[in-house]
Amino acid sequence: MDPMSDAETGDLNDALDAVFGPSLHRDLEPKHRALASGVRFVRSQTHLARWKEGAKGRKMTAFECIEAFGWPLMARLAEEPVVLIARPGPSVAEVFADRRRSFGVPTGDLARRVGVGPEVLEKAESGLRKIPMWLLTRIAWALGFDYWTIGHEVPAEATESLAHRRREVTGAPQPPSTEIVLDLLEAASIHNAQLRLASWLAGIGGDVPPRRRAPHRPKHRRPRTQEEAWRQGADLARRTRELLALGTGPVCDLAELMEGRFGIPVVRMRSQPALAGATIRNGEDRGVLVNVLGINENPGTRRVTLAHELCHALWDADEDLEAIRIDWSDEIMGADRRPDPNEDRAQAFAGELLAPAAVVGKAFLDGGRTPEALHHVMRTFGVSLTCARIQIKLGSKGAVSDRVLRSIGPVELTDWIDAELPRVHDELPGLKMQRSGGLLGACLGSHEAGLIVPETMADLLGVTLPELERALDLRGSMPPTPR
């Protein structure tokens, strides 16, 4: 690119000053100027303008705006008080209605999820009038759209690939209920927001864990038999332990490891008991959802489910993962397993990652093959009875019979009762579990760095602005934690 002339440099500086306010640092990089700017903006469904007291719409920092809309669009604010952000193509109303129908979500169910009456949602989908930003934000979040760019960019998924995603979600042995579908879509919104904020923080040198790109395109072939799947799953678990230098001891906080070392968002949520967990792919990124109800109320089973999803997120090829892979509670427990080698591989991976067979098999034999020895394995490694039995049998290499293992009952994992659950924040009583993990940490970091306004943080966390401001005043700043 040819260097700019003095006149062009002067014009750019003038435009940057006009949009972001005067600056002592004549930085010609728009993103740098946006980051340093104290000017605030406001957007509606279709337009963007400078914010002023009493303005209606969503308040945003200059940095949020330039990330969402780009400098060429924002540069027009140097000459125009209001600029159009909506692009040609399907309207927001059409995109919303298309996605809702594609996932088979009745109007009434989505309306309840976003906290309005069905008639309000029908009016929004009609396109006869603009959608207020508070409602547009809620609908976009509930349907898995990007919080910042909705109304500006038409998601590719809103057309042909939506039908594909719908088939994938319903291709399980049991079709998911509407509530489960909406939980999956909300998890996708959380994943997207958390990853975007983490990317922004990393881009400015923020205090975020170094992200190691997960090996989504494995070199190994897809297993063809159950035996091959189990061998491969155990091998991948050992490779994962080596990659993370975990040794052979217990993995104490798997969710923090997934988010901190691999950048895989983990959403814990209270969903219907039929759902155990799910892995959701969004482009190159993947995220995990774990239900804390049903079988996962048992902390050992919850950890096995989380490790199972980690295998899908780390090692499944894109063509195998598709868009959303649901794992049902009956399958995790082995009662209604699909003949799917990838599922067998994930189960083998989960057991070997959490409780290495060679280690727990030896521990059981050294402990005299007693109930206490098996319970010691469960308590030490934080795994379910089923997982402990399988890993001990594999590790003992036939020295322990099924009869002996099945004669031993479970034990309460008192030391693991809160394992893999996000921290409860008394300062924010309205904060739901699914938004209190890594998303909260990313919001806090982004707010402290000046990347987002408090209004954005309140939106993303699903709390009111006064509630958030009281919490921040009480604590100065809540401790950022990925949990």
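Reader: Which way do the residues of strand E5 (residues 266-269) point, and are they buried or exposed?

Author: Start with the general idea. In a regular strand the side chains alternate between the two faces of the sheet. Now the case here, in a model that is predicted. Val266 and Arg268 point one way from E5. Val267 and Met269 point the other way. All of these residues are buried.

Reader: In which sense do E5 and strand E7 (residues 285-291) pair?

Author: Strands of a sheet pair through backbone hydrogen bonds, either parallel or antiparallel. E5 and E7 pair in the parallel sense, over 4 bridges. Val267 has Leu289 of E7 as its bridge partner.

Reader: What is the order of the strands in the open sheet of 4 strands?

Author: The order is E3-E1-E2-E4, and the pairing is antiparallel. Strand E3 (58-61) and strand E4 (82-84) stand at the edges. Each has a single partner strand, so one side of each is left without a neighbour in the sheet. On average, neighbouring strands of this sheet are turned by 30° against each other, direction ignored.

Reader: How many bridges join strand E1 (residues 40-43) to E3?

Author: There are 4 bridges, and the two strands run antiparallel. For a place to look, find Arg43, which stands opposite Arg58 in E3.

Reader: Which strands does H3 touch where it packs on the sheet?

Author: H3 touches E1, strand E2 (47-50) and E3. The direction of H3 makes about 95° with that of E3.

Reader: How many residues of helix H3 (residues 62-69) are buried?

Author: The helix is mostly covered, with 7 of its 8 residues buried. The buried ones are Ala62, Phe63, Glu64, Cys65, Ile66, Ala68 and Phe69.

Reader: Which residues have the most contacts inside the largest nonpolar core?

Author: In soluble globular proteins, nonpolar side chains tend to be buried together. Here the largest nonpolar core has 58 residues, and Phe20 and Leu48 have the most contacts inside it. Helix H10 (residues 178-203) gives the most to this core, with 9 residues.

Reader: What does Phe20 touch, not counting residues up to four places away in sequence?

Author: Phe20 touches a list of residues that includes Pro30, Val39, Phe41, Trp71 and Met74. Ala62 and Ile66 are also among them. Both belong to the buried residues of H3.

Reader: At what angle do helix H8 (residues 133-142) and H10 cross?

Author: Two packed helices are described by the angle between their axes and the distance between the axes. The axes of H8 and H10 cross at roughly 105° and come within 7 Å. That makes H8 roughly perpendicular to H10. On the H8 side, the meeting residues are Ala140, Trp141 and Ala142. On the H10 side, they are Leu182, Leu185, Glu186, Ser189, Ile190 and Ala193. By class, this contact has 7 nonpolar residues, 1 polar and 1 charged.

Reader: How far apart are the axes of helix H17 (residues 357-366) and helix H19 (residues 385-396)?

Author: Their axes are 7 Å apart, and the helices pack at an angle of about 85°. That makes H17 roughly perpendicular to H19. H17 brings Ala357, Ala358, Val360, Gly361, Phe364 and Leu365 to the contact. H19 brings Gln391, Ile392, Leu394, Gly395 and Ser396. The contact divides into 7 nonpolar, 4 polar and no charged residues.

Reader: What is the phi of Arg369?

Author: Most residues other than glycine have a negative phi, and most peptide bonds are trans. Arg369 has a positive phi, near 60°. This residue is found in the loop between H17 and helix H18 (371-381). Arg369 is partly exposed, with a relative accessible area of 42%.

Reader: And where is Lys397?

Author: Lys397 sits in the loop between H19 and helix H20 (402-406). Its phi is positive, about 55°, although Lys397 is not a glycine. Lys397 counts as exposed, at 76% relative accessibility.

Reader: Is Thr107 buried or exposed?

Author: Thr107 is buried, because its relative accessible area is 17% and the cut-off for buried is under 20%. Thr107 is found in helix H6 (residues 107-114). Leaving aside neighbours within four places in sequence, Thr107 is in contact with Arg100, Pro118, Leu121 and Glu122.

Conventions
Residues numbered from 1 in each chain as written. Predicted model: local features only at pLDDT ≥ 70, side-chain atom pairs only at ≥ 80, totals over all residues. Heavy atoms only, no water. Axes fitted to C-alpha atoms, helices over the stretch in contact; angles between N-to-C directions. Parallel < 35°, antiparallel > 145°, perpendicular 65-115°, else oblique. Contact = heavy atoms within 4.5 Å. Nonpolar A, V, L, I, M, F, W, Y, C, P; charged D, E, K, R; others polar. Buried < 20%, exposed > 50% of the residue type's maximum accessible area, 1.4 Å probe, protein only. Pairing = 2+ DSSP bridges. Core = buried A, V, L, I, M, F, W, Y, C linked by side-chain atoms within 4.5 Å.
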